[in-house]
Amino acid sequence: MGKEKGFIAITSKYLKISPPQLLVLIFAFFIVLGTCLIKLPFATEKSISWVDALFTTTSAMTVTGLTVVDTASTYTLFGEIVIMCLIQVGGLGIMSFAVLIYLMLGRKIGFKERLVMQQALNQTSLGGIISLVRNLFLFSFAIEACAMLLLSLRWVPEYGWAKGLYYSLFHSVSAFNNAGFGLWEDNLIGFVGDPVINLVISLLFITGGIGFTVLIDLKKTKRFRELSLHSKLMIVSTFVINLVSMIIIFLLEYNNPNTLGPLSGWEKFWASYFQAVSPRTAGFNTIDLSGLEDPTAFYMIFLMFIGAGSASTGGGIKLTTFIIIILAVITFIRGRNHIVIFRKTISDSYIVKALAITIISLLFIIIAIFTLSITENQPFIKIAFEVMSAFGTVGLTMGLTGDLTEIGKGIIIFIMFLGKLGPLTLVFSFARRQQEQKIRYPREDILTG
């Protein structure tokens, strides 16, 4: 960077911290800052505890959407704006905003900054990082502005210009960043059969959850076969999993008097569609999830574990990670040595990484569910649903969030933090990565299966 050294490079040099550690520290700093802001007297309509404030800001920064207090009735306009800003920063990434400020000031982006950006955006190489950030902001703000306009056509006539535009802006930001924060006590249940709200909100979080690299690839490439392998996998698998999920939820809940049962045929269609696309990351709901049948709740837990796409605003182990594991199993059963999809071979290193992400995630999830089963006097399915919602930064709940104990809130806060940063980032921030050993030991087989 010449004579000018960036803050990240200076901090890393003197504190001797790695990019994953720096990312965790910066993220934690913004959560603490947000907590202090919404604890200000003019940020809330009524006093809230420090734990509840920390829970809210963590949920906003991790774009989860779980809340221990009702957002609309608890926070003032200032508090809601703070939450909305945290959602935007958390969704697009702290480091993305840092790079934007650097570019606006005309400063160069050094190697250390690019490393942190690579970690934050989950990229495989440093090439094109700055271009990715520029396009990230361009796409995000353009999509949110268009969505705000469409939602305002629905809400301005009903709520007036000021409230209608504000509600449109808040929900556009919340939906695109897959946060799930709403300004109604029952989320979007009042709009269960509204095609405008269902389509606009769902398209926002599907677009935000598919990943910025896919959006940029679609912009550059007009033909499907010319897309990158990652983009092909994300587009095809997203369509398939959403369609299958819609059919499953429709069939399982069709006669449930607590969910789809009382709705008309049109409303059942929209409710099934919305609940099918929401669990992998969004956090919005148009039916009361506390009334779900156990099989449906379990299936949603599975969807929340899978999560959204890499380099997206969503969480979970990521859809491509799940696909790689499935393809690895199929490849093994078919007696082949390499995963081949769309005439491309996937490196074995990605299989190892996918397994590491999945196993580490499962360990944290199991520990969290086990601990909450001790501290919370609640049904097991609700506890598992809550933990997976926090890990996937989804924000859906079966009604447990508001009844959590202080210990329970602390556990969910940590799981939301883990789900947003990713298990590998958090593990690498505490573990020292050893350099590759030059000594090779003799191989020996072991029995498995």
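**Burial and helix packing in a predicted chain**

Residue G34 has a relative accessibility of 2% and therefore counts as buried, a term that applies under 20% relative accessible area, whereas exposed means over 50% and partly exposed lies in between (1.4 Å probe, protein chains only). The structure is a predicted model, in which local features need pLDDT of at least 70 and side-chain atom pairs count only at pLDDT 80 or more, while totals for chains, interfaces and linings use all residues. Residues are numbered from 1 along each chain as its sequence is written, and side-chain values use heavy atoms, with hydrogens and water left out.

G34 is placed in helix α2, which covers residues 19-38; helices (H or I, at least four residues) and strands (E, at least two) are DSSP runs, numbered from the N terminus. When residues up to four places away in sequence are not counted, G34 touches T57 and L86, contact being defined as heavy atoms within 4.5 Å. Between G34 and A60, which are 26 residues apart in sequence, the C-alpha to C-alpha separation is 9.1 Å.

The chain as a whole contains 19 helices and two strands, and 53% of its 449 residues count as buried. Of the contacts between residues at least 6 apart in sequence, 69% join residues at least 24 apart.

The largest nonpolar core has 111 residues, of which I201, F385 and I412 touch the most other members; such a core is a set of buried Ala, Val, Leu, Ile, Met, Phe, Trp, Tyr and Cys residues joined through side-chain atoms within 4.5 Å. Apart from its neighbours within four places in sequence, I412 is in contact with F55, L66, L372, E386, V387, A390 and L404.

Helix α14 (residues 294-306) packs against helix α17 (residues 380-391) at an angle of about 25 degrees, with the axes 9 Å apart. This arrangement makes α14 roughly parallel to α17, since angles under 35 degrees count as roughly parallel, over 145 as roughly antiparallel, 65 to 115 as roughly perpendicular and the rest as oblique. Among the residues that make the contact are F298 and I301 of α14, together with F385 and M388 of α17.

A second pair is formed by helix α12 (residues 229-253) and helix α15 (residues 319-333), whose axes come within 10 Å and cross at roughly 90 degrees. The helix α12 is therefore roughly perpendicular to α15. Here the contact is made by H230, L233, M234, S237, T238 and I241 of α12 and by L319, T320 and I323 of α15. For both pairs, axes are lines fitted to C-alpha atoms, for helices over the stretch in contact, and angles run from 0 to 180 degrees between N-to-C directions.
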